[in-house]
Amino acid sequence: MSMKISNQNPKSQSVLITGANRGLGFGFLTHYLKQGNTVIATCRNSDITVFDSLIKDYPNQLLIENLELTSEQSILNFAQKIKENKVTFDLVINNAGISIEENFGNWTAATFETNFKVNTIGPALLIQAISPFLKQGSKLVQMSSGLGAIALNINPEGPYDAYAVSKASLNILTKRIATKFYTQQIIVVAINPGWVQTDMGGAEATSTIDEAIKNMTSTINVLSLKNTGTFISDTGELLPW
Ligand SMILES: NC(=O)c1ccc[n+]([C@@H]2O[C@H](COP(=O)([O-])OP(=O)(O)OC[C@H]3O[C@@H](n4cnc5c(N)ncnc54)[C@H](OP(=O)(O)O)[C@@H]3O)[C@@H](O)[C@H]2O)c1
């Protein structure tokens, strides 16, 4: 599931996007390819026909790799591929995520575990595995959620408990990673995309994918080291943890 890339654009940045086959991930992918960047797009499905038109339009800019975030072996295999392809990253978007909903009264360990594996443990182990390939001054963006903010405690009656717990954990992971990477001037933030019309967000959501991607990519573009270790909205406002 991989191909060689040979982007000749001197201003090209190298961008990693997880969960790039649909939703916000696919929106980020399309945006960064259109801007002339090289994108390493990951998905967990071997059916990559979803990428066909992008491969046709951007044949020298797109590398597609398999990544299943619940598998440590898959994460290690991915890091090995990155090493073999001699790729280093200017921007990493830890986008892939899952939201399994369950109302209080019907909680199961399996639901808490799956949300936590995909939304917290997977990103943690991925960051560790690819850390040798992060450029000095690169950016690491963690797709969090307002539901993960303890200070906001959004919709506590809803069935989002396991998801909220996993994103709150992703938030403290973000803060800790920001400190570890500070000397390399790597900027690490958690971002809340807003409520977006994807499979996860549903049709009732308030933002389109295009709006959310426009806002988030503009925000990411102007991030500097003074923003590291913060939780921000799609438009770059500081959010409480
Ligand atoms: N949409 C919203 O309103 C909203 C709000 C707040 C935060 N977010 C966050 O934004 C991010 C993107 O959300 P979205 O709305 O675009 O979701 P989505 O449409 O449901 O897409 C989720 C993506 O994550 C991938 N994924 C799920 N489980 C995975 C696993 N075990 N290993 C690897 N990849 C996996 C999916 O791959 P498959 O196609 O193989 O399932 C898919 O590519 C998520 O982290 C989400 O929590 C979204």
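Let's start with helix 6, where Ala 212, Ile 213, Met 216, Thr 217, Thr 219 and Ile 220 are buried. Buried means under 20% relative accessible area, exposed means over 50%, and partly exposed is in between, using a 1.4 Å probe and protein chains only. Helices here are DSSP runs of H or I with at least four residues, strands are runs of E with at least two, and both are numbered from the N terminus.

Seen down the helix 6 axis, the buried residues fall within an arc of 160 degrees, so they line one face of the helix. That arc is taken from the directions from the helix axis to the C-beta atoms. On the other side of helix 6, Asp 210, Lys 214 and Asn 221 are exposed.

A word on the source. This is a predicted model: local features need pLDDT of at least 70, side-chain atom pairs count only at pLDDT 80 or more, and totals for chains, interfaces and linings use all residues. Residues are numbered from 1 along each chain as its sequence is written, and side-chain values use heavy atoms, with hydrogens and water left out.

Back to helix 6. How many Å should its 13 residues span? At 1.5 Å a residue, the answer is 18 Å, and the end C-alpha atoms are 18 Å apart, which agrees. The expected span is 1.5 Å times one less than the number of residues.

What covers the buried residues of helix 6? The cover includes helix 1, strand 4, strand 5, strand 6 and strand 7, residues 230-233.

Thr 219 has a relative accessible area of 8%, so it is buried. Contact means heavy atoms within 4.5 Å. Leaving aside neighbours within four places in sequence, Thr 219 is in contact with Ile 191, Ile 232, Ser 233, Asp 234, Thr 235 and Gly 236.

Now Val 141, in strand 5, residues 134-143. Buried or exposed? At 1% relative accessibility, Val 141 counts as buried. Not counting residues up to four places away in sequence, Val 141 touches Leu 91, Val 92, Ile 93, Asn 94, Val 189, Ile 191 and Ile 220. Thr 206 is 65 residues from Val 141 in sequence, and 22 Å from it in space, C-alpha to C-alpha.

Next, the cores. In soluble globular proteins, nonpolar side chains tend to be buried together. A nonpolar core here is a set of buried Ala, Val, Leu, Ile, Met, Phe, Trp, Tyr and Cys residues joined through side-chain atoms within 4.5 Å.

The largest core has 30 residues. Those with the most contacts inside it are Ile 17, Leu 24, Phe 28, Leu 29, Tyr 32, Ile 93 and Met 216. The elements giving two or more residues to this core are strands 1, 2, 3, 4, 5 and 6, plus helix 1 and helix 6. Helix 1 gives the largest share, five residues. A second, separate core has 26 residues, including Ile 130, Phe 133, Leu 140 and Leu 170.

Strand 3 is mostly covered, with four of its five residues buried. Strand 3 pairs with strand 2 in the parallel sense, over five bridges. Strands pair if DSSP finds at least two bridges between them. Ile 40 stands opposite Leu 63 in strand 3.

On to the rings. The structure holds four aromatic pairs. Rings of Phe, Tyr and Trp (its six-membered ring) pair if their centres lie within 6.5 Å; planes under 30 degrees apart are stacked, over 60 edge-to-face, and the rest tilted. Phe 28 and Tyr 32 are stacked, at 6.4 Å centre to centre and 10 degrees between the planes. They are four residues apart in helix 1, which means about one helical turn separates them.

Phe 104 counts as exposed, at 67% relative accessibility. Trp 107 counts as partly exposed, at 42%. Ring pairs link Phe 104, Trp 107 and Phe 112 into a cluster.

Last, backbone angles. Most residues other than glycine have a negative phi. Lys 86 has a positive phi of about 55 degrees. It sits in the loop between helix 3 and strand 4, and counts as exposed at 73% relative accessibility. Gln 185 has a positive phi of about 60 degrees. Its place is the loop between helix 5 and strand 6, and at 40% relative accessibility Gln 185 counts as partly exposed.
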